[in-house]
Amino acid sequence: MTEAPLVEIRNIHKRFGGVHAVKDVSIDLHPGEVVGVLGHNGAGKSVLMSMLSGALPADSGEILVRGERARIDNPRDARRYGIETIYQTLALADNLNAPANLFLGRELRTRWGTLDDDSMEAEARKVFHRLNPNFTNINDPVINMSGGQRQVVAIGRAIYFNACILIMDEPTAALGPSETAMVADLTKQLRAEGIGIFLISHDMHDVFDLCDRVMVMKNGESVGIHPIAEVTKDDVLSLIILGQLPEGWTPRNGG
Amino acid sequence: MTEPSGGAPPKIQRDWAALLRVAEIDTRMLAMVVVLVVVWLGLNLLTDGIFMTARNLYNLAVQSSVVGIMATGMVLVIVARHIDLSVGSVMGFTGMVIAWLQVDVFTLGAAWNWPTTILLGLALGAAIGAFQGYWVAYRAIPAFVVTLGGLLMFRGGAFLVTDGRTVAPMDPTYQLLGGGINGSIGATWSWVFGLAAIALVAFMAWRNRSSRLRHGFPTKPVWVELLLFAVWAVLIVGFVLVMNAYTKPRSDIPRGIPVPVLILIAVVVGMSLISRITRFGRYVFAMGGNPRAAELSGIDVKKTTLLIFVIMGILCGIAAVITTARLNAGANSMGMLAELSVIAAAVIGGTSLAGGVGSIAGAILGAVIMQSLENGMVLMGVSSAMRQVIIGLVLIIAVWFDSMYKKNRR
Ligand SMILES: Nc1ncnc2c1ncn2[C@@H]1O[C@H](COP(=O)(O)OP(=O)(O)OP(=O)(O)O)[C@@H](O)[C@H]1O
Ligand SMILES: [Mg+2]
């Protein structure tokens, strides 16, 4: 790969008081690539991604987008760079309905400049239908929706606006089997369209099915970045739990 | 589809529920209207029919307008998880400044005098709102603290404007804004206004429906649309009839709709539009529902917060205009304790103190219910101390009722 990576994170740090949540992490992401970010609970995966999505400021280190230094001070900046995020917490306004959440911050408007709720509802129906054909009560406040339906709203919000860089923080945690499969298909389709994706997941099957490379984090540090073809599930588990590859490791694909 | 296993509810009840669902009527709002009707009938009985005379309803409408105007702003403030304790003081201070400018500073009787003082008053309200909003939004001081400070500062300011002296009289044209003897628009214009309002209701319903049809969404049955329209038309015609039934002293010239009520209606329409069809309004509700989510969605939460307080300040300025016009003076006690009635009106009207929920129409109903109780008790000769006790209890019961309602709906 000779072209500049879509995203390059260099030596980034984040501290919360005494907790060094992300320690000197560097990772890049190319167009049409899915990079898995793995690690135990509290390893620092979400914090790392939050710095890319503008949700948290980095303490030091830099982020490059398409080879150029990017200033990402808030979520609006990130969106301007084409970075979309499915947050682990979903980040939905519970009192609003699904279309309002889908378009929050980027509402469709009539030529008078007022909210075009009908167009937003029509678009929302299309997006949500693609993810879950049974999702029809989209005009309820999302607080009255099931966990899976809420997750569909959060996913729809990230994919609707033609992202170039997609961050998926445990996107299928609340989904049933068929919806999970749908999201896997969607991920593959987006990758084929040339979108770069960071995927945080605890599901080894998904990781090996979808990712091109994996990065494993432990206690805030990156303990290894590997093409998926060179590691086995046991190798990855060893990285997550022990922070190192098994003794006498050789690449699975022969290097 | 989901019949409860314990047998279907009685048919009547089911039909009602179905009707409300098709008509998309908010049951909470309906409950409030029922409460209002019950209160009115009760007070009418207790006052031997004085309560529901045209004269009293006219006065009630005028009395409700000041609190109602400020309550529409308080809805936005509370929905966004803030509070504004300073509205009474801000109203008193801007009112004093308006009166002082009009009477002591500017040329008395000049045609430009009163319009200029109104503009300056509204600008002052906006500036005060911006000041308080700045501390809340950009310096992260809780609104409770900032506006508690404002409550003291601007009450003191109201005194300082003239060292406690009451300023009077106001410009005769300006007084019309207060709804005094000549402060209403007469029978003909009231009918024009009423018919225009009915036409507007019909137009909005038609536009809404045609837009939904164009997108292929389900619509309400035509008969429901017609029924809703009929209800609105009857209410509007009834309102105009009542306002026209109250005549000027020693004559049978109908007064018509009082100017402060027209101002209230304009504010309500404007604020409803702001809260429902603008991005700003959507963001206010999003911030109330989940402030962090609003921020992550790219909403400029700080700017939105500042703007909420600016709007609240302007509304205090409008309320100050009506109050000084009605008093025909500026007195530094104006708006004393008004913050409590304003917050109570919003809360009785279904605005949740937890944020994220509230409606402008509800706040107006809340203001009218409170003002009806106040007005009715005055007619019955209840002492002011006793009135306070009762209004306080009503507030607690209203919030209790609201929380029960929410629990049962789940
Ligand atoms: N806003 C915050 N304030 C203080 N500490 C935080 C904050 N966010 C995260 N942390 C801390 O940073 C560390 C990393 O958290 P992070 O959310 O990145 O974990 P994670 O790898 O995403 O875990 P999980 O798999 O459970 O989602 C944790 O020790 C956490 O307590
Ligand atoms: Mg996480």
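**Note on a predicted two-chain model**

1. Strand β1 (residues 7-16) of chain A pairs in the antiparallel sense with strand β2 (residues 19-29) of chain A, over seven bridges. Here strands are DSSP runs of E with at least two residues, helices are runs of H or I with at least four, and both are numbered from the N terminus; two strands pair if DSSP finds at least two bridges between them. R15(A) stands opposite H20(A) in β2(A), and in the hairpin, which has two residues between the strands, G17(A) takes a positive phi near 55 degrees.

2. Before going on, note that this is a predicted model, in which local features need pLDDT of at least 70 and side-chain atom pairs count only at pLDDT 80 or more, while totals for chains, interfaces and linings use all residues. Residues are numbered from 1 along each chain as its sequence is written, chains are lettered from A and ligands numbered from 1 in the order in which they are written, and side-chain values use heavy atoms, with hydrogens and water left out.

3. An open sheet of chain A is formed by six strands in the order β6-β7-β8-β3-β9-β10, with mixed pairing. Because β6 (83-86) and β10 (221-227) of chain A stand at the edges, each with a single partner strand, one side of each is left without a neighbour in the sheet. From one strand to the next the twist averages 15 degrees; angles run from 0 to 180 degrees between N-to-C directions, and axes are lines fitted to C-alpha atoms, for helices over the stretch in contact. Strand β9 (residues 213-218) of chain A runs antiparallel to β10(A) and is joined to it by six bridges, and V214(A) has H226(A) in β10(A) as its bridge partner.

4. Two helices belong with this sheet. Helix α5 (residues 147-160) of chain A packs on the sheet and touches β6 and β7 (165-169) of chain A, its direction making about 175 degrees with that of β6(A), where contact means heavy atoms within 4.5 Å. Helix α8 (residues 233-242) of chain A lies across β3 (34-39), β9 and β10 of chain A, and runs at about 25 degrees to β9(A).

5. Which residues coordinate the magnesium ion (ligand 2)? They are S46(A), through OG, and Q88(A), through OE1, at 1.9 to 2.1 Å; donors are N, O and S atoms within 2.8 Å of the metal (3.2 Å for Na, K and Ca), and water is not among the atoms, so sites may look incomplete. Since S46(A) lies in helix α1 (residues 45-53) of chain A and Q88(A) in the loop between β6 and α3 (98-102) of chain A, the pair ties together parts that are 42 residues apart in sequence. S46(A) is partly exposed, with a relative accessible area of 23%, and Q88(A) also counts as partly exposed, at 41%; buried means under 20%, exposed over 50%, and partly exposed in between (1.4 Å probe, protein chains only).

6. In chain B, T72(B) is placed in helix α3 and, at 0% relative accessibility, counts as buried. T72(B) and V268(B) are 196 residues apart in sequence, yet 6.9 Å apart in space, C-alpha to C-alpha. Not counting residues up to four places away in sequence, T72(B) touches V267(B), V268(B), M271(B), L315(B), I360(B) and I364(B).
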